[in-house]
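Morning, everyone. Let me put the model on the screen, and then we'll walk through it.

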Amino acid sequence: MAVNRVPVLKRCRSLGLEPSVLGYDKKSKRQLTRSGRKVSEYGLQLREKQKAKFIYGVLEKPFHNYYEKAERAKGMTGENLMVTLESRLDNVIFRLGWARTRREARQIVGHRHVLVNGKTVNIPSYLIKAGDTIEIREKSKGLQRYKDIMAVTGGRLIPEWLESDQENLKGQIKSLPTREEIDVPVDEMLIVELYSK
């Protein structure tokens, strides 16, 4: 399995992202200096794709598969792509505030701590559907780890499309998110332009 070992703050700097988008509360003191070079149209499109891949922690092949799936579905390809990425199980755990970052959410899912509709799911890319119930398994609820996480993420806003019971570490998917409800600084139209060449 491929592991992303890129330093987060360095990558955020090069992509022009705020670390808070990824759940990190650190700030980079260094400034990125681009020596007055004009970025080409292709460069802009590529940067948007890299941003989306980095934010959601998806590698190239699965990302391309998501794009093809979004293209086949009804509606706007770009919106479908963003909704698909947002419906990944690791992202939902992050959105519910049960993990500080998406990387941590991925680890929580991989360690079999998560139940979807009462069944253990250990695949971070599992796509949730409207009406699904997600919870941390009973054995793991008492762990100190979750108390520490809740202390940090307690004030985080939970999106409209999710319902969360923070006490019992249980959540419900009210509906799939719309593009307006996804607060990720990515221009998905540039990604569509890049892939449709």
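First, a term: helices (H or I, at least four residues) and strands (E, at least two) are DSSP runs, numbered from the N terminus. Ile136 lies in one of those strands, E3.

Some ground rules. This is a predicted model, where local features need pLDDT of at least 70, side-chain atom pairs count only at pLDDT 80 or more, and totals for chains, interfaces and linings use all residues. Residues are numbered from 1 along each chain as its sequence is written, and side-chain values use heavy atoms, with hydrogens and water left out.

Now the sheet. Strands of a sheet pair through backbone hydrogen bonds, either parallel or antiparallel. Two strands count as paired here if DSSP finds at least two bridges between them. In what order do the five strands run across the open sheet? The order is E2-E1-E3-E5-E4, with antiparallel pairing. E2 (119–120) and E4 are the edge strands; each has a single partner strand, so one side of each lacks a neighbour in the sheet.

Take E1 and E3. E1 covers residues 114–116 and E3 covers 133–136. They run antiparallel, joined by three bridges. Val114 has Ile136 in E3 as its bridge partner. Is Ile136 buried or exposed? The cut-offs for relative accessible area are these: buried is under 20%, exposed is over 50%, and partly exposed is in between (1.4 Å probe, protein chains only). Ile136 is at 0%, so it counts as buried. Its C-alpha atom is 12 Å from that of Gly110, 26 residues away along the chain.

Next, E4 and E5. E4 is residues 162–165, E5 is residues 170–173, and four bridges pair them in the antiparallel sense. Ser164 stands opposite Gly171 in E5. The two strands make a hairpin with four residues between them.

Now the backbone. Most residues other than glycine have a negative phi, and most peptide bonds are trans. Leu169 has a positive phi of about 50 degrees, and it is not a glycine. Leu169 sits in the loop between E4 and E5. At 4% relative accessibility, Leu169 is buried. Asn117 also has a positive phi, near 55 degrees. Asn117 is in the loop between E1 and E2. Its relative accessibility is 45%, so Asn117 counts as partly exposed.

On to rings and charges. A charge sits over a ring if NZ of Lys or CZ of Arg is within 6 Å of the ring centre and within 35 degrees of the ring normal. Which residue lies over the face of Tyr56? Arg102 does, at 5.1 Å from the ring centre. Arg11 lies over the face of Phe54, at 5.8 Å from the ring centre.

Last stop, the second largest pocket. A pocket is an open set of points on a 1 Å grid over the protein atoms alone, where a 1.4 Å probe fits, with protein on both sides within 12 Å along at least five of seven lines; lining residues have an atom within 4 Å of a point. Grid points are joined across faces, edges and corners, and a volume is the space filled by probe spheres set on the points. The second largest pocket holds about 230 Å³ of space. Its lining includes Phe94, Arg95, Arg102, Glu181 and Asp183. That brings back Arg102, the residue over Tyr56.
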